[in-house]
Amino acid sequence: DMLSFLAGPRPWRLSRFRSFDFFPGTDFTASVALLTRAPRALLLPVGPCGTGKTSFTTQLAARLPPGSCRRFHRDHVFGEERSRDGSTLARAKERTHARLLEALEAEGEGVLVVDSTNGSAEARSVYVEKFRPELVVAVNF
């Protein structure tokens, strides 16, 4: 099944394709395809609140093959941590950061999207160090 071949955490992708018509006028053709693995990638939308980062990452994740993208939504995680009984603002921030580091250090392939403002270059370099991606994409909003 081609969909399962092209989906998942480290899917194959079609890098090059070429068909040859060795015997014009007949049904005999040949095709050659170069398949490569999609790189382990870190996607960092960068920008202030309200600029569309979450809308972008939600739509992107919905369009990628199933299982090929993990998304860490900092606002959602912070909300979970803040709603814990007895959680202070400082403690919720600490727990949110700890969960982000866990997501970055977790085994896995494919694309990891860190949905946050990502405004600090220092923080972005920590994300790269922890995740060890083959490809980093920062999208400025």
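Modeller: Let us begin with the directions of the side chains. This is a predicted model. In strand 3, A41, L43 and P45 point one way, while L42, L44 and V46 point the other way, and all are buried.

Colleague: How many of the residues of strand 3 are buried?

Modeller: Burial is read from relative accessible area, with under 20% counted as buried. Six of the six residues of strand 3 are buried, and the strand is accordingly described as mostly covered.

Colleague: Which strand does strand 3 pair with over six bridges?

Modeller: Pairing is read from the bridges between two strands. Strand 6, residues 135-140, pairs with strand 3 over six bridges in the parallel sense. Within this pairing, L42 stands opposite V136. Strand 5 also runs parallel to strand 3, and three bridges join the two; here L43 faces V113.

Colleague: Which residues form the largest nonpolar core?

Modeller: Such a core is a set of buried residues joined through side-chain atoms. The largest one here has 11 residues, among them L42, L44, F72 and V77. Two or more residues come from each of strand 3 (41-46), helix 4 (89-105), strand 5 (111-115) and helix 5 (121-131). Helix 4 gives the most, with three residues.

Colleague: What does L42 touch, leaving aside residues up to four places away in sequence?

Modeller: Contact is a matter of heavy atoms within 4.5 Å. On that basis L42 touches L104, L112, V114, Y127, V128, F131, P133, L135, V136 and V137. Among these, L104, L112, V114, Y127 and F131 also belong to the largest nonpolar core.

Conventions:
Residues are numbered from 1 along each chain as its sequence is written. This is a predicted model: local features need pLDDT of at least 70, side-chain atom pairs count only at pLDDT 80 or more; totals for chains, interfaces and linings use all residues. Side-chain values use heavy atoms; hydrogens and water are left out. A nonpolar core is a set of buried Ala, Val, Leu, Ile, Met, Phe, Trp, Tyr and Cys residues joined through side-chain atoms within 4.5 Å. Buried means under 20% relative accessible area, exposed over 50%, partly exposed in between (1.4 Å probe, protein chains only). Helices (H or I, at least four residues) and strands (E, at least two) are DSSP runs, numbered from the N terminus.
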